[in-house]
Amino acid sequence: MKFDDFDTNMRIYEQSLDQYILPDMYLVARLDGRSFTRLTKEICQFEAPFDIRFRDYMVETVQYLMDCGFRIVYGFTESDEISLLFHKEDNTFGRKVRKINTTLAGEASAAFSLALGKVATFDCRVVPLPNLDRVRDYFVWRQEDAHRNSLNAHCYWMLRKEGIGKEEATKQLEGKSVSYKNELLFKKGINYNELPSWQKRGIGVYYTSVRKEGYNPIKQEKVQTERRELYTDYHLKLGDEYADWVCGLLK
C-alpha cells in the first residue's frame, strides 16, 4: 500500500472523535489546576485561604494565554481556574475542540510551571455559548462562584486556625447561609465586605488602549500614539454591570 493511502486510512481513526465549534457560536475555554489543593497546601505551603504569590502566578499565566496564538479578548481567574473569552471571529485550528483543549492546557501548564519553579498542570474544556445572553450568564456565574468560594474559604480557614479539624470545620459550615457565614467572620473581627476585591470577585485581564508620547525624528517633534496593552483589573464590577462590560469587549 502506498504511504499516502496508508496515512489516509489511519487518520480516520485519529479523527473519529473530532468535534468543531460552529462558526456562529461564542467560545469560552475554562482551565482548572490539577491537584492544586495538594500543590498549594502540601508541596508549596501557600498561605490560606489566599496567597498573593499564588494569585500572581495565576495572573501571569492568564497574561501569557492572552497572547499565545488565539484571539482572546478577556481572561478571568479566581482560585485555581481560568476562563478565556474568544473573539467571535477567532478560527484558530478551524475551531477544532481537541486542538484548542490540548494547546491551551499545555500552554497554561508550561507558563504556570515556569513561574512557580515546580511542575503543575491544567486541564481545559471548551464551552460553546449560543448567544450574548449566555456569555453574560457564564461570567456572572463564574464571578458568583468566586464569591461563594471566597466566603467559604475564609470561614473554613478561620475555624482551622482556631484548632478545629478538617471534618468538623466542614460540618460547621455545611448548609449554612451567606448571612450566617458573614456573621461568623464578623464575630472574629473580620468584615467580609472590607476584604480585597480580587478575593471576592476574581481578577480580569484584557487589552486597553494607552496613549504614549513618542518622538518623530523626521519632523523632530513629539507625537502622541496609541498602543494596545494588557491590563490586569483587581477591582471588577459586579452583576449586570460586570456582564454588560464583558460583552462590550466582543464589539
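Helices here are DSSP runs of H or I with at least four residues, and strands are E runs of at least two, both numbered from the N terminus. The model is a predicted one, so local features need a pLDDT of at least 70 and side-chain atom pairs count only at pLDDT 80 or more, while totals for chains, interfaces and linings use all residues. Residues are numbered from 1 along each chain as its sequence is written, and side-chain values use heavy atoms, with hydrogens and water left out.

On that basis, the protein chain has nine helices and six strands. Its C-alpha trace spans about 70 × 65 × 40 Å along the principal axes. Of the 251 residues, 42% count as buried, where buried means under 20% relative accessible area, exposed means over 50%, and partly exposed is in between (1.4 Å probe, protein chains only).

Next come the helix pairs. Two packed helices are described by the angle between their axes and the distance between the axes. The axes are lines fitted to C-alpha atoms, for helices over the stretch in contact, and angles run from 0 to 180 degrees between N-to-C directions. Helix α5 (residues 132-161) packs on helix α9 (residues 239-248) at an angle of about 125°, with the axes 9 Å apart. That makes the α5 and α9 pair oblique; for reference, angles under 35 degrees count as roughly parallel, over 145 as roughly antiparallel, 65 to 115 as roughly perpendicular and the rest as oblique. The crossing of α5 past α9 is right-handed, a label given when the near helix is turned clockwise from the far one by less than a right angle, with anticlockwise making it left-handed. On the α5 side the contact uses Leu132, Val135, Arg136, Phe139, Val140 and Gln143, and these meet Gly239, Asp240, Tyr242, Ala243, Asp244, Val246 and Cys247 of α9. Sorted by class, the residues of this α5 and α9 contact are eight nonpolar, two polar and three charged. In this scheme Ala, Val, Leu, Ile, Met, Phe, Trp, Tyr, Cys and Pro are nonpolar, Asp, Glu, Lys and Arg are charged, and the others, Gly among them, are polar.

Helix α5 also packs against helix α6 (residues 166-173), where the axes come within 9 Å and cross at roughly 135°. The α5 and α6 pair is therefore oblique, and α5 passes α6 in a right-handed crossing. Here Asn152, Cys155, Tyr156, Leu159 and Arg160 of α5 contact Lys166, Ala169, Thr170, Gln172 and Leu173 of α6. The class tally for the α5 and α6 contact is five nonpolar, three polar and two charged residues.

Ser150 sits in helix α5 as well and is buried, at 0% relative accessibility. Leaving out residues up to four places away in sequence, Ser150 touches Phe50, Tyr192, Gln199 and Lys200. Gln199 is 49 residues from Ser150 in sequence, yet their C-alpha atoms are 6.2 Å apart. Arg228, in strand β6 (residues 221-233), is exposed, with a relative accessible area of 59%. With residues up to four places away again left out, Arg228 touches Tyr207 and Thr208. Arg228 and Tyr192 are 36 residues apart in sequence and 35 Å apart from C-alpha to C-alpha.

Now for the backbone. Most residues other than glycine have a negative phi, and most peptide bonds are trans. The Ala48 to Pro49 peptide bond, though, is cis, with omega near 5°, and Pro49 lies in the loop between α2 (36-43) and α3 (52-65). Gln45 is in the loop between α2 and α3 too, and has a positive phi near 50°. Gln45 is exposed at 58% relative accessibility. Arg95, another non-glycine with positive phi, at about 65°, is in the loop between β3 (81-86) and α4 (97-116) and is buried at 4% relative accessible area.

As for cysteines, the structure holds zero disulfides, a disulfide being a pair of cysteine sulfur atoms within 2.5 Å. For Cys68, the nearest cysteine sulfur is that of Cys124, 10.0 Å away, too far for a bond. Cys68 is buried at 15% relative accessible area, and Cys124 is buried at 14%.

Note on methods. Contact = heavy atoms within 4.5 Å.
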